[in-house]
Amino acid sequence: MTVGASPLLVIGEALTDVIVTPAGTRRTSPGGSPANVALGLARLGHRARLATRIGRDGPGAEIGEHLRRAGVELTEGSVTDAPTSSAVARLDAEGSATYGFDISWDPAPQALDPALLGLPSHLHTGSLSTSLAPGASLVVAAVEKLRGTATVSYDPNPRPALLSDPERERPGVERMVMLSDVVKASAEDLRWLHPDGDPFRAAARWACMGPSLVVVTLGEEGAWICWRKGECRLPSRPVDRVVDTVGAGDAFMSGLLSGLLRTGLLASGGGGVADAESARRALHAATLTSRLGEHLASALSFAARVAALTCTRQGADPPTLAELERGGAA
């Protein structure tokens with residue numbers, strides 16, 4: 001079942017993940033944080049389009065087919081003659097990953113031209129696409145243009161190996177926070193961005209800068225949620241066996257967006273100013289008390305289930321809605 005009358009738009013990098021196990025074996029799979037979110041949304045029954053940059057080479061063809069098979073549509077100009085980027089994820093004995101990158105984020109201008117991107121009901125972006133030149137400025141400009149008719153979500157997901165120091169990166173991150181309705185970040189992200197401060201206090205400050213909801217993921221400890229009037233802790237879902245954590249944060253993001261979209265707390269109708277404003281009012285109304293409302297709690301619980309199931313599989317392989325239903329998790 002496809003949810004929503006107009007497609008969701010995700011902007012950001014798609015790349016090849018090269019996963020190195022503790023034993024030194026290597027395997028490759030399609031990845032990239034925004035591409036993973038688009039994939040997760042499509043598998044959860046939403047119409048998803050991805051504005052990205054992949055090559056016409058073998059890895060690019062594999063990524064394109066992987067996304068299309070799930071129902072993700074690539075926007076015009078997303079396939080270029082440049083080589084497809086890659087990331088090396090090295091797993092430790094617990095399945096946690098550290099990353100190295102061989103990436104260029106120089107998408108074709110037409111791929112991010114707001115005039116060619118239609119009227120998405122909701123827009124998600126983040127990671128390298130909002131921080132890595134030269135493409136980052138195009139992404140921010142697209143968000144500024146489209147947020148008048150679409151709700152916006154953002155996951156900064158900074159990659160320190162490719163960025164300058166936190167002090168220089170914070171203004172760009174906070175600019176995107178101010179443009180967004182929902183922000184998700186890991187505690188590790190916030191500690192890097194605010195090395196001398198409390199990550200939870202930083203997230204609470206973000207919640208007063210524009211977004212109605214800020215979610216801080218804590219891995220096996222669950223998540224910490226803050227909004228203008230309150231905060232709470234979300235426990236993690238038990239997992240019998242963690243295979244790896246690659247893509248778990250992106251799976252949480254897609255699950256959270258899916259839950260919010262299904263309850264009308266993000267725009268998923270016909271697109272346009274009225275649709276976006278109606279969803280923003282609903283999301284804002286859900287955060288006016290010190291207690292987490294039913295719809296928000298349901299969306300967050302759903303996100304935790306999606307992430308937990310992803311951790312039981314290799315690589316960024318989020319579940320479908322049917323898989324969640326069969327497991328009694330939907």
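**Fold dimensions, nonpolar cores and selected residues**

In the predicted model, 71% of the contacts in the protein chain between residues at least 6 apart in sequence join residues at least 24 apart. The secondary structure of the protein chain consists of 10 helices and 15 strands. A compact globule of 330 residues would have a radius of gyration near 20 Å, and the value for the protein chain, 18 Å, agrees with this. Along the principal axes, the C-alpha atoms occupy a box of roughly 50 × 45 × 45 Å.

Of its 330 residues, 57% are buried.

The largest nonpolar core comprises 40 residues, and within it I11 and W206 touch the most other members. The element that gives the most to this core is helix α3, spanning residues 136-146, with 5 residues. Apart from this core lies another, of 39 residues, which includes A48, I54, L300 and A307. For W206, when residues up to four places away in sequence are not counted, the contacts are P156, V173, E174, V177, V183, A185, L190, L193, H194, P211 and V214.

Helix α3 also contains E144. This residue, E144, has a relative accessible area of 38% and is therefore partly exposed, the range for that class lying between 20% and 50%. With residues up to four places away in sequence left out, E144 touches R175 and L179. The C-alpha atoms of E144 and P114 are separated by 9.6 Å in space, while the two residues are 30 apart in sequence.

A residue from a strand was examined as well. S29 is located in strand β3, which covers residues 26-31. The relative accessibility of S29 is 17%, so S29 counts as buried, the cut-off being under 20%. Leaving out residues up to four places away in sequence, S29 touches L15, T16, D17 and I19.

Note on methods: Residues numbered from 1 in each chain as written. Predicted model: local features only at pLDDT ≥ 70, side-chain atom pairs only at ≥ 80, totals over all residues. Heavy atoms only, no water. Helix = DSSP H or I, 4+ residues; strand = E, 2+ residues; numbered from the N terminus. Rg over C-alpha atoms; globule rule 2.2 N^0.38 Å. Buried < 20%, exposed > 50% of the residue type's maximum accessible area, 1.4 Å probe, protein only. Contact = heavy atoms within 4.5 Å. Core = buried A, V, L, I, M, F, W, Y, C linked by side-chain atoms within 4.5 Å.
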